[in-house]
Amino acid sequence: MTTKHNIVKGTVLVAALLVALLSPSTTKAQESAAYADNTFFLSFGAGATYNMPGQSLGLPSGGIYLSRWLMRPLAFRVAAELVSGPAVTNSNGNTAAAMSFLGSAQFMWDVNSTFFHVYNKTVPVPCPVYPLIGLGAILTFGEDGNYTSDFQAMLGAHLPVRLGAHWDFFLEYKCFFVPENRVASSTSTTSYMHTATVGFTRRWSDNPYHRRTGFESRNTGEDWFTGFGVGALFNSFEFEHVFAKGSKLWNITGDMMVGRNYSNIWTIRFELSGFFARHRAHIGQVAILDDNNVPVVDDNGNILYQDVMRPGNLYLFNALHTDFMINLSHLGNFRRGKKWNFLPYLGAGPVWRYKDPSFGLGADVGLMCRRYIDNMGDFFFDAKYIMVPPRIAGGVGPSGSILGVGYLMFTVGYISNWGHSTTRYRMPVNSCVD
C-alpha cells in the first residue's frame with residue numbers, strides 16, 4: 001500500500017501547493033502579477049460514464065470544481081469527481097462495477113482569448129469549446145470495501161453557455177486514461193473512462209473576459225518562441241541499472257518546442273520529445289571461457305558461470321506534451337534586466353512507439369532554465385521526467401509500480417523568440433546595452 005499512499009499524498013500535495021498559490025491571502029504584488037483579482041468560479045455537474053474496455057455504461061457520475069482564471073486564456077481548477085466504473089475483480093473472484101473517486105489538478109484553455117476578440121455573448125464565438133487537460137489520482141472502491149489507487153490523466157472539452165451576469169450552463173466531455181491491467185477485462189491495453197456531464201457555473205465576476213494581469217502579453221502575435229535541444233535520455237524502470245555498465249539505458253534524445261509567454265509569470269509550450277529508447281535490461285549468466293574459448297570448470301567438472309548485463313531491444317518513440325510553466329524569477333514582481341529565468345512545469349500528452357506500434361498518455365514534470373542572450377534568443381537547460389504506460393516503455397520495474405516507469409531527460413539548446421518579446425526580459429532603465 002506504500003506506493004498507493006504515495007500517489008494519493010503526492011496528488012494532494014501538488015493540489016495544496018497550487019491552491020496556496022491561487023488563494024486570496026497571497027500578497028498584492030503576486031496578485032497583480034500572477035492572476036487578476038475576483039476571478040474565481042465554482043462549477044458542479046452530473047452525467048454518465050462509459051468504460052472501455054468492457055463497454056459498460058455507469059450511472060451516476062458527477063463532480064465539483066473550484067476554479068480561478070490565471071489570465072485571460074488560462075484557468076486552473078481543482079476537481080473532485082465520483083464516477084461509476086471501472087469493472088474490478090473482488091476478493092471472491094467476481095467481476096463487478098465499482099465506484100471511483102478522481103482528484104485532479106486541471107487546466108482550461110480559452111481559445112478565443114488567445115486568438116480572437118471576445119465579447120459577453122451567450123455562446124462564445126468563433127471557438128465555443130475550452131480544451132481541458134488534467135493530472136491526478138483515481139481511487140476505486142470494490143464491493144468488499146477495499147480500494148486501489150493509481151495515477152490518471154485526462155483530456156477533455158468544456159462548452160459554456162452564458163445564462164446571466166454570474167451564471168453559466170455547460171456541457172463537458174472528458175476522457176480519463178488509467179493504467180493498464182487495472183480493469184478486469186483489460187490485459188495489456190490502457191483503460192479509458194469517457195464521461196459526459198451537464199452542469200452550472202457560478203462566477204464571482206460579471207465579465208469573464210476582464211482578467212488581464214500585470215505584464216501580460218497584449219498582442220496575439222507577440223511573445224511566441226520556438227526551441228531545439230539535444231541531450232541524454234535514461235529509460236527508467238524504477239531507476240534500475242542507472243549507472244550499470246552495459247545496460248545501454250542511456251541514449252541520445254532531442255526536443256522541439258513551440259510556446260508562448262502569456263505573461264511574466266505563465267508560459268504554455270507544446271514539445272515533441274523522445275526518439276531512442278530501450279526495453280528493460282536484465283542480468284543473465286554466461287559460461288566463463290578460457291583463452292581457447294573453452295568453458296572453465298571447477299574441481300567437480302561443473303561449468304562456471306558469470307553474471308552479464310543483457311540490454312533490452314532498441315525502439316523509437318515520441319511524446320508530444322503540453323506543459324504549463326510558472327516563472328519563479330518574476331513571481332513576486334517583474335524585475336528589469338533579469339537574465340536567468342527558472343520555470344518548473346507540469347504537463348501531459350500522447351506518447352507512442354513505432355516498433356510494435358502502441359499509443360498511450362504520458363505525464364511529465366520538470367524544470368527549464370532560460371538564460372537571456374539577446375532580444376531574439378535564449379540558451380536553455382531542461383530536466384524532465386515523463387511517466388508512460390509500461391507497455392510503451394518496455395516493461396515494469398522490480399516492484400511493478402507504474403510511477404517509476406518512464407524517461408528521464410536532460411537537454412540543452414537554443415530558443416528563438418518571434419517578434420517582440422515583452423514578458424520575459426526588459427532592458428534596465430537608462431541602459432543602452434545588455
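The entries below follow the order in which I looked things up.

I noted that this is a predicted model, in which local features need pLDDT of at least 70 and side-chain atom pairs count only at pLDDT 80 or more, while totals for chains, interfaces and linings use all residues. Residues are numbered from 1 along each chain as its sequence is written, and side-chain values use heavy atoms, with hydrogens and water left out.

I looked up strand β1 (residues 40-52) and found it antiparallel to strand β2 (residues 56-71), with eleven bridges joining them; strands here are DSSP runs of E with at least two residues, and two of them pair if DSSP finds at least two bridges between them. S43 has Y65 in β2 as its bridge partner. β1 also pairs with strand β8 (residues 191-203), antiparallel and over twelve bridges, and there G47 stands opposite T197.

Last, I looked up N261, which lies in strand β10 (residues 250-261). N261 counts as buried because its relative accessibility is 4%, and buried means under 20% relative accessible area, with a 1.4 Å probe and protein chains only. Beyond its neighbours within four places in sequence, N261 is in contact (heavy atoms within 4.5 Å) with residues including W266, T267 and R370.

Note on methods:
Helix = DSSP H or I, 4+ residues; strand = E, 2+ residues; numbered from the N terminus. Buried < 20%, exposed > 50% of the residue type's maximum accessible area, 1.4 Å probe, protein only.
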